Amino acid sequence: MPKFQHIRWNYPQNEGSGFTLIPRSTVVNQNSDQYFLELATRLKNFDVMINHDLPYLLRGCLKERLRKAQQLQMKVMHKYMNDMKHISTLLHNNRNDLLNQKLRNELKLELNSFVNELSQYLQDLEPKARFIDHLKRQYFEYFNVAEQELDLADSVLLLENALINNNRHVRILCSNDVLNNAKQSKLNKLRNEILKERKTNRNLQLIYADFSYCPFDLHDMIILPFNKKINEKMLREPSRKARISPSSTQKKDDFINILLIGESGVGKSTFINAFANYLTFNTLEQAKSNKPTVLIPVSFLITTGDNFQEHKITFGKFDSTTTEDFNHPGQSVTQRCRSYVFALNHIIGKKVRIIDTPGFGDTRGLDQDDINIQHILECTRDLTHLDAICFLLKPNATRLHTSFRTCLTQLFDLLGPNASQNILFCFTNARSTFYTSGDTAPLLRSMLDSLSIRDIPFKKANTFFFDSESSRYLIALHNGIRFNGQENEEYFMSWSKSVDESNRLLNYVCKELHPYSLHNGWQSVKHAQFEIVRLIRPILEAMRNILRNFILWDMDSPNKSIVLWPQPVPRSSKLCTSCQRHPIQAGNFWIMPDNIHEYQNRCLVCSCHKNQHIAVDYKLKYKVFHHASNYEQNQMNDLINRMNFASIDFAYFLINVARSTTEDPFLVGLLGIIEEEKQICVQKKSNHLNSALVKELDELIVSHKEQMKKIQSNPPEDNLEAIYERINTVCTYPMIREQIAVIRENKNKHRDKHYEVQVSEKSARGNIYLSTPC
């Protein structure tokens, strides 16, 4: 009889002692047991952070935040123990039957959501703790303004009176997390100015006043004492007007850009179809007399009659250009971003572009959510601005999926915190809650309050209520489905209400929101993360090829050189790392070719596991020239050193700043390359050039590890501008430049005519009653 491996917990009462996980007996159910053992290790790391690292770094600051982390930890611990016992009982009572497997998966999924909530909270708190520790090492005292009872209108002035009180030997740096992230270089400059002053006056007391957790809207960083006449006006100026200064290009732009985001299954595609019809037909009677506007093919079930007879409704054209996938429940139906442009020039003076995105909370996991964020980046890269970011929700939710919080955090990591003022909330299926947010409202407000990004508006003005079911009702009517009188009356009313909300939404976006400018680029940690990840393969392949040419010059022929020849691939291509590959010859070198397979939810070439397929932007071919390289050997040596140092800076950034990985991806990539070269040596035993390449790569790894130890022992200051400068420099290097060019060419090539759908003016003939044109 199976017996689940037990794990004993010791959690003494004295704070900071942590808990100890002690595996016992042998592994019986490998999958479940391995899951809990890996999770136990992760929880142990959380415990060390919560009960040792954070208290040490915070040194008595942010006690409430630390206490909340400890409460979340205890919540996760109890959930962990209960689920482990529950799964142990399931395994004891019945072996591997499908029902028990489903229950185990559900328990693990729920436990993962608890763990992810704690992990996300710590990801927000740890950088703040390290920032406070860094301040204290620079002789700053940390002061949380939220802990003081200050009048909102004059909090900076009162703070000056309370802490300075005519003391000429005090300097207070006032800022908050949003400003620090957006203006890192200015923070460093102000901090350095104060530190420089302290060098000449050792009696100078330095204070960092943190406005992150108080309601006061600090418009910009300042140092107290300050010239009140100059700065008081700046401090009281509304942040929204100061935040945006639309460029002349934006003023002339004839597009209102609305980014549509929501959890998988919330109904984004249905909402877009419905919105198109609300703009087209003022009343349901008009809509019934015409063919529905269906921008996105739909497929849904509807029940009618006293016996709940089911009818499957399909409407719209399903073809190869469709971005929807209805065949994998739990996965986002929308697979790629697509824009829908409503030509409303004749009504509001502008076109409206709604950008549909893949849903977050996809059953394929957090990695898929990260891929979807990259999709959003790609599809908005060429826009000058975003007018609104619309989150779609359902009313009366019992809980908000943790991926919603992750999505918000990642989005602000990508766009920057100031984008929070352009957030809208739209509730679908709101007829069931009388066009209110229902039970979702307190859950949403609580979640927004827990974010490090403060003051995300959630109020009547930026919240809208729709009944997308009335659009489905219309489509069902055109499929011959009949409804009773009461149902008809309800849908007539809901259609009218949804048309009114559509008008209110457009009025609000046009009149109340300032466009969020994208003209200055995407300077954010998340965007830098994506740019670095895109560079990993080009850097590694460039370094490998430089080493190939070194070996050719030294051991074979100084008049030969190998050149990388990157080639574009179809959008759905992946590289299979499992299928057997046969080396091809380039000069006297043997090279393992890229094993590119077509992939659409599954590989269409092989049956290897999905984890053994890696998405690629291009495939590599090679050209052999019978003349020396265009670059001198010392130039190439300098180039590979610069690439190696760049890879170290990038790896440090991904691990310690972006916190997107715990492993050095460049080191992992180098190890993979060495393994590939060793396979070639096994298959082509007489080849001495590839053997020499393995030795060179081994030496490169030794150098890489040594440099990583140095940077970890003496960490650099977080400087986003410096990282972007390094990224831009690396992109100019030979061999990397060519690979990046093909990546960009491939991205543009896949932005075909189906990426953006134009909705004609004839379709949008509804009564959009704006007071004045946008």
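Biologist: Hi! Which strands does helix α6 lie across?

Modeller: Helix α6, residues 184-200, lies across β3, β4, β5 and β6. Bear in mind that this is a predicted model.

Biologist: Noted. And at what angle does α6 run to β4?

Modeller: At about 175 degrees.

Biologist: What's the order of the strands in the four-stranded sheet?

Modeller: The order is β3-β5-β4-β6, in an open sheet with mixed pairing. The edge strands are β3 and β6, the latter spanning 222-224, and each of them pairs on one side only. From one strand to the next, the twist averages 25 degrees.

Biologist: What about β4 and β6, parallel or antiparallel?

Modeller: Antiparallel this time, over three bridges. If you want a spot to look at, L173 stands opposite I223 in β6.

Biologist: Handy. How do side chains sit in a regular strand, in general?

Modeller: They alternate between the two faces of the sheet.

Biologist: Let's switch topic. What's the strand order in the sheet of seven?

Modeller: That open sheet reads β15-β14-β13-β7-β11-β10-β24, again with mixed pairing.

Biologist: Which strands stand at the edges there, and what does that leave them with?

Modeller: β15 (463-465) and β24 (756-759) stand at the edges. Each has a single partner strand, so one side of each is left without a neighbour in the sheet. The twist in this sheet averages 25 degrees from one strand to the next.

Biologist: Last one: do β10 and β11 run parallel or antiparallel?

Modeller: Antiparallel, with five bridges joining β10, residues 338-342, to β11, residues 351-356.

Biologist: And which residue in β11 is the bridge partner of Y340?

Modeller: That would be I354.

Definitions and conventions:
Residues numbered from 1 in each chain as written. Predicted model: local features only at pLDDT ≥ 70, side-chain atom pairs only at ≥ 80, totals over all residues. Heavy atoms only, no water. Pairing = 2+ DSSP bridges. Helix = DSSP H or I, 4+ residues; strand = E, 2+ residues; numbered from the N terminus. Axes fitted to C-alpha atoms, helices over the stretch in contact; angles between N-to-C directions. Contact = heavy atoms within 4.5 Å.
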